[in-house]
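Please read these notes with the model open beside you. They go point by point.

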Amino acid sequence: MTDQTRVSRTFDLLLAGSALILLAACQPAEEVAAPEIRPVRVVTIQSGNGGDSVSLTGRVQAESEVNLAFRIDGRMISRAVNVGDTVTAGQEIARLNPENEEDGLRAAEATLQGARGQLIEARANEERNRSLLAQNFISKAAFDRITQVANSAQAQVDAAQAQVGIARNRLGYTRLLADAGGVVTAVGAEPGEVVQGGRMVVQVARKDGRDAVFDVSARIKDTAPANPEITVTLATDPAVTAKGRVREVSPRADPVTGTFAVRVGLIDPPAAMRLGTTVTGRMPLGAPQGIEIPASALVRAEGRSAVWVVDPQALTVSLRTIEVQASDPENVRVAAGLNPGEIVVAAGVQALRPGQKVRLLGSQP
């Protein structure tokens, strides 16, 4: 190949390279990707309102209910009351067959009579020998033995007297009497049954007071003010009302419902609020300390709790650490870190980064 041919080919290669460079320069530059705008749901922080109240439904119950039962075993031969009957103090409720107790009382009285006869004889013998002792017809040791026999007879009389008292009490226990007035709410034995001592025969709701009993959630129990005044209304007639104060709060939650039984003592309840009637109680709630946000808004940043706060002008988010006071599966109570009026991301928090633009889907207080 001649030198002229080599020069010609080199020139052709240079022309081809220049053409490629020009073509590349004529291609449009790639467009810069626009920043991603993520849609998020948000909540607007609001301060707690202390004027809220809550309504609960419950039932009227007796302030105290007692189980009346026999103290001894036996066959019950009668029961004078049924559910719903009104009883008075001292009224006979039921009776056991008294034959065994009557026989026991007669046996104890017979033993007492025998012991008294022996005591009379022993005391008379002691008096006779006392005069003989004074005349030195008997020794002091012999007289001491006679006195000991008389004292033993006295002890036998005392023991027999005590047995008579026990037998008389057992006979009295065959009659079940009401110790206070009230209304029978349940029965536990029927005539003809053999009942054991202590078994409930009837249950009586005493008339010394009435309570409205409500099942209250833990959240309401914790936010309720101390010693609130509760307005109780009859469910069937809202015009019938009564005031009440919390008298007792169950320390243990119900294992099924998770609620706490709260007993509200009614102050001068009207007659229409009978036992078992349904009532509605309205109670003011105290303003919770701190701000509540949905639990879905919470994230972890450097081992601390945080939330995404939205800048309402730039519509960008920034991460802010907060102090959590309390939490449950639905809500988180914030003690510090947020202020009323600020906007917090409630859904979509896992896909955010600082400074990212967002589109607000909804703002709920």
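The numbered points below go from the whole chain to single residues.

1. **Ground rules.** This is a predicted model, in which local features need pLDDT of at least 70, side-chain atom pairs count only at pLDDT 80 or more, and totals for chains, interfaces and linings use all residues. Residues are numbered from 1 along each chain as its sequence is written, and side-chain values use heavy atoms, with hydrogens and water left out.

2. **Overall make-up.** The chain has four helices and 23 strands. Both are DSSP runs numbered from the N terminus: helices are H or I with at least four residues, strands are E with at least two. Of the 365 residues, 30% are buried. Buried means under 20% relative accessible area, exposed means over 50%, and partly exposed lies in between (1.4 Å probe, protein chains only).

3. **Surface and contacts.** The accessible surface of the chain is about 22300 Å², and carbon and sulfur atoms hold 52% of it. Areas come from the Shrake-Rupley method with a 1.4 Å probe; for residues, only the protein chains shown count as cover. Among contacts in the chain with a separation of 6 or more, 73% are between residues 24 or more positions apart. A contact means heavy atoms within 4.5 Å.

4. **Helix α3.** This helix covers residues 140-172. Its 33 residues should span 48 Å at 1.5 Å a residue, and its end C-alpha atoms are 48 Å apart, so the two agree. The expected span is 1.5 Å times one less than the number of residues. Which residues of α3 are buried? They are Ala142, Phe143, Ile146, Thr147, Ala150, Ala153, Val157, Ala160, Val164 and Ala167. An α-helix has 3.6 residues a turn, so residues three or four places apart point the same way. The buried residues of α3 pack against α2 (99-134).

5. **A four-stranded sheet.** The order is β7-β6-β4-β9, the sheet is open, and the pairing is antiparallel. β7 (175-177) and β9 are the edge strands; each has a single partner, so one side of each lacks a neighbour in the sheet. Two strands pair if DSSP finds at least two bridges between them. β4 and β6 (residues 92-96) are joined by three bridges, and Ser78 has Arg95 in β6 as its bridge partner. β4 and β9 are joined by two bridges. Here Gly74 has Val195 in β9 as its bridge partner.

6. **Salt bridges.** How many salt bridges does the structure hold? There are 17. Each is a side-chain nitrogen of Lys or Arg within 4 Å of a carboxyl oxygen of Asp or Glu. One of them joins Glu190 to Arg79, with the closest N and O atoms 3.0 Å apart. This pair links distant parts of the chain, 111 residues apart: Glu190 is in the loop between β8 (182-187) and β9 (194-195), and Arg79 is in strand β4 (residues 74-79). Glu190 is partly exposed at 38%, whereas Arg79 is buried at 16%.

7. Glu92 bridges to Arg95, with closest N and O atoms 2.8 Å apart. Glu92 is partly exposed, at 23% relative accessible area. Arg95 is partly exposed too, at 30%. Arg199 and Glu193 form another salt bridge, at 2.9 Å between the closest N and O atoms. Arg199 has a relative accessible area of 31%, and Glu193 has 28%. Elsewhere, salt bridges with shared partners join Arg123, Glu126, Glu127 and Arg130 into one network.

8. **Asp211.** Asp211 lies in strand β11 (residues 210-216). Is Asp211 buried or exposed? Asp211 is buried, at a relative accessible area of 0%. Its side chain makes a polar contact of 3.1 Å with the side chain of Arg263. A polar contact is a pair of N or O atoms within 3.5 Å; within protein, one must be able to donate a hydrogen and the other to accept it, and residues adjacent in sequence count only if both atoms are side-chain atoms. Leaving aside neighbours within four places in sequence, Asp211 has contacts that include Arg59, Gln61, Glu63, Arg247 and Leu266.

9. **Thr259.** Thr259 sits in the loop between β13 (237-249) and β14 (260-267). Thr259 counts as buried, at 18% relative accessibility. The side chains of Thr259 and Thr257 make a polar contact of 2.8 Å. Not counting residues up to four places away in sequence, Thr259 touches Asp215, Val216, Ser217, Ala253 and Asp254.
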